[in-house]
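Hello,

Here is the structure I promised to pass on to you. Please open it next to this email, and then read on for what turned up in it.

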Amino acid sequence: MQSFTQGTLAGGGTFRCESCGVAVALHERDLVPSCPRCDSTSFTRSSLFAEHGRAEPWRSPASDCPPWLAGARAGADPAAHHLAWMEDGGGVRTLVLAGEWTRLGRSLACDAVFDDPTVSRRHALIQRPESGARVLDDRSLNGVFVNGERVDERDLADGDELAIGRFRLYYLAADPAAAPERGEGIGEGAGEGRRLPSRL
């Protein structure tokens, strides 16, 4: 099978790192990247239907919470459920989980957009039933991990770490004591992400 190590690709599609097996989805004009997991630059074209081992996500130990998370929690609306993550530029982003479904992925149609080849166009869904939250893998290429375990779907608990591609997101559950009375809204811009200072 032909290996790609530099330049632009002859056609877009799915490629796998020859060293560690992590998958990337690239457009035909994308430059061949270095692998976000092992820094290799050697890729082979891959079929979505081929059998591949389940690669473990590259992540910190579950006990090693990022230092910015406490600040993100302090700045979040206690009556709402959130996702929080560190952006490439160093800023912290929080997204209120408003409505029944929140879409995560590379597509611009998603509620949280991650423009990175390790993230599928439609990577994951967060469902918000009457209480709590649940994550579902939306047929992603690299899978969805909760606290280091690959899952198809999983109920979320406060502080759970979600790994989609190379990004680490944290679920912040609402404080039941701060929940609004029935019929009250969360407020304007409930579904919009907000950025917090990178040094919290």
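The largest nonpolar core in this predicted model has 21 residues. A nonpolar core here is a set of buried Ala, Val, Leu, Ile, Met, Phe, Trp, Tyr and Cys residues joined through side-chain atoms within 4.5 Å. Buried means under 20% relative accessible area, exposed means over 50%, and partly exposed lies in between (1.4 Å probe, protein chains only). Leu 104, Phe 114, Ile 126 and Leu 169 have the most contacts inside this core. At least two of its residues come from each of strand E5 (82-86), E9, E11, strand E14 (161-164) and strand E15 (167-172), and E15 gives the most, with three residues. Apart from this core lies another one, of eight residues, including Phe 15 and Val 32.

A word on how to read all this: residues are numbered from 1 along each chain as its sequence is written. Because the model is predicted, local features need pLDDT of at least 70 and side-chain atom pairs count only at pLDDT 80 or more, while totals for chains, interfaces and linings use all residues; side-chain values use heavy atoms, leaving out hydrogens and water. Strands (E, at least two residues) are DSSP runs, numbered from the N terminus.

Next, the sheet. Five strands form an open sheet in the order E8-E7-E9-E10-E13, with mixed pairing. Strand E8 (112-113) and strand E13 (153-155) are at the edges with a single partner strand each, so one side of each has no neighbour in the sheet. Two strands count as paired if DSSP finds at least two bridges between them. Strand E7 (residues 101-105) runs antiparallel to strand E9 (residues 124-127), and four bridges join them. Across this pair, Arg 103 stands opposite Leu 125, and Thr 102 has Ile 126 as its bridge partner. E7 and E8, in turn, pair in the parallel sense over two bridges, with Gly 105 opposite Val 113.

Finally, which residues other than glycine have a positive phi? Arg 139 has one of about 60°, and Asn 147 has one near 50°. Arg 139 is in the loop between strand E10 (134-137) and strand E11 (144-146), and is exposed at 67% relative accessible area. Asn 147 is in the loop between E11 and strand E12 (149-151), and is partly exposed at 37%.

Enjoy exploring!
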